[in-house]
2 protein chains.
Amino acid sequence: MDGSYPVTERNKVRRLHERGRYDRESVHAILDAAMLCHIAYVIEGQPYCTPTVFWREGDHLYWHGSAASRMLRAQKGGVPVCLTVTHLDSLVLARCGFNHSVDYRSAMCFGTAHIVDDPAHKARALDAMVNRLYPQRAATLRESTAQELKATTVIGMAIEQASGKIRTKGVADEEEDYALPIYAARIPVVQVLGTPEPCPRLPAGVPLPEGLRGFVAGRRLDEVMTENAG
Amino acid sequence: MDGSYPVTERNKVRRLHERGRYDRESVHAILDAAMLCHIAYVIEGQPYCTPTVFWREGDHLYWHGSAASRMLRAQKGGVPVCLTVTHLDSLVLARCGFNHSVDYRSAMCFGTAHIVDDPAHKARALDAMVNRLYPQRAATLRESTAQELKATTVIGMAIEQASGKIRTKGVADEEEDYALPIYAARIPVVQVLGTPEPCPRLPAGVPLPEGLRGFVAGRRLDEVMTENAG
């Protein structure tokens with residue numbers, strides 16, 4: 001898992017290329033802090049952009065249940081996709097329109113998506129998803145039925161190429177603009193957990209599982225996700 | 001702005017179609033609560049998924065500075081894109097793997113992206129972006145230089161079709177599973193503002209502008225965005 005992803009025209013960061021990252025450590029950190037991604041794929045020339053829960057295992061990404069499933073079933077060789085993760089970290093209000101910006105961390109991953117058809121691989125992947133999001137949870141659940149497994153499509157791809165892009169510098173104005181009497185600020189943005197709401201139909205005496213102790217009101221989702229990615 | 005977007009194979013919600021929305025009011029509410037979107041486009045068969053700040057004016061969407069710009073310059077007729085917005089509202093921990101889910105609001109918009117080349121339209125669009133995010137701010141800024149305007153690409157598209165998708169129901173298990181001694185819960189997720197950090201180089205006496213009074217620590221970004229969309 002060391003080293004960098006190969007850089008070609010496909011994944012080279014063009015705009016503001018000084019923000020680009022190609023090393024696995026940086027790209028994986030951005031991916032592992034996220035629960036949701038957006039996936040771009042093409043059907044008959046038309047691009048689609050679908051949000052979905054995803055998870056990473058080494059250099060493989062997995063997700064399930066997507067409108068691309070029908071297309072994937074028809075294309076046994078797999079289809080090209082781009083899976084993107086974005087964390088919005090702050091709003092940046094500068095002294096001119098041009099320097100308004102946001103601080104963010106994003107990663108774009110390129111690969112060929114394929115359906116995980118092997119039943120054992122599929123069942124293992126689904127357990128891995130639950131455990132990646134909620135440590136040690138899969139074994140505590142009611143077992144999946146054959147019908148549930150059949151109704152679930154698991155899609156996977158090896159990351160062939162990837163790039164990360166990070167902006168952290170907050171307000172960055174032209175030197176001659178700093179003296180102007182114009183308000184400028186960085187406003188942080190964080191995605192946080194609210195107070196967990198146990199299901200009203202929970203039988204009496206069912207305790208909060210150990211693996212969920214990290215899900216506490218006020219905590220940052222990206223930090224909990226990173227922690228749970230191990 | 002009333003009425004619904006036309007529904008065809010392109011924007012029909014397939015999976016869990018009972019979650020689908022096609023009326024402008026629902027779709028625009030999802031768009032207007034967001035600052036960031038993800039845009040899918042295709043270059044030589046390869047899909048790309050790019051995050052960017054966007055804004056809406058009626059049935060038009062605008063964004064700027066994208067890796068698609070070069071491609072757009074070469075394709076005067078415009079290129080097909082799909083612009084997607086997603087709000088993650090909660091994590092849903094069910095009693096079996098299959099019913100694990102998230103509550104969310106998402107919107108997918110389809111159209112043909114084109115570069116806004118007319119200088120007056122472009123300048124007006126950039127002011128509109130600043131004011132849409134930060135009420136009444138554009139007029140308070142140092143004016144854009146010709147070079148800054150030239151270095152900025154504004155891209156627009158009319159929404160030809162769109163669909164919204166909303167899940168709000170929290171835990172929804174199979175009837176026979178509710179009695180099982182398995183922890184289940186809905187964990188809310190919110191994107192909130194932190195404490196604004198005025199630029200350290202702000203001259204003494206520059207006040208917080210009236211239009212930024214909504215940007216208060218702890219407020220939900222989607223609520224502030226909705227408020228500022230007017």
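**The interface between chains A and B**

Putting chain A and chain B together buries about 7500 Å², and carbon and sulfur atoms give 65% of that area. Please keep in mind that this is a predicted model. In terms of residues, 84 of chain A are in contact with 84 of chain B.

Next, the polar side of the interface. The rule finds 27 residue pairs in polar contact between chain A and chain B, with both residues at pLDDT 80 or more. It also finds six salt bridges across this interface. Here is a salt bridge to look up on your screen: the side chains of Glu197(A) and Arg186(B) meet at 3.0 Å, N to O.

Which elements of chain A give two or more residues to the side that touches chain B? There are several strands, namely E2 (36-43), E3 (46-57), E5 (79-93), E6 (101-115), E9 (185-193) and E10 (197-198), along with helix H4 (146-151). Sorted by class, that side of chain A has 54 nonpolar residues, 16 polar and 14 charged.

E9(A) pairs with strand E9 of chain B, residues 185-193, in the antiparallel sense, over five bridges. Within this pairing, Gln191(A) stands opposite Gln191(B).

Now the relation between the chains. In general, two copies of a chain are related by a rotation about an axis and a shift along it. Here, chain A is superposed on chain B by a rotation of 180 degrees with 0.0 Å of shift along the axis, and the RMSD is 0.0 Å.

Which residue of chain A comes closest to the rotation axis? Gln191(A) does, with its C-alpha at 2.0 Å. Both copies use the same surface, since 100% of the contact residues of chain A recur in chain B.

Notes: Residues are numbered from 1 along each chain as its sequence is written. Chains are lettered from A and ligands numbered from 1 in the order in which they are written. This is a predicted model: local features need pLDDT of at least 70, side-chain atom pairs count only at pLDDT 80 or more; totals for chains, interfaces and linings use all residues. Side-chain values use heavy atoms; hydrogens and water are left out. Contact means heavy atoms within 4.5 Å. Buried area is the accessible area (1.4 Å probe) that two parts lose on being put together, summed over both. A salt bridge is a side-chain nitrogen of Lys or Arg within 4 Å of a carboxyl oxygen of Asp or Glu. A polar contact is a pair of N or O atoms within 3.5 Å; within protein, one must be able to donate a hydrogen and the other to accept it, and residues adjacent in sequence count only if both atoms are side-chain atoms. Helices (H or I, at least four residues) and strands (E, at least two) are DSSP runs, numbered from the N terminus. Ala, Val, Leu, Ile, Met, Phe, Trp, Tyr, Cys and Pro count as nonpolar, Asp, Glu, Lys and Arg as charged, and the others, Gly among them, as polar. Two strands pair if DSSP finds at least two bridges between them. Copies are superposed by least squares on the C-alpha atoms of residues with pLDDT of at least 70 in both.
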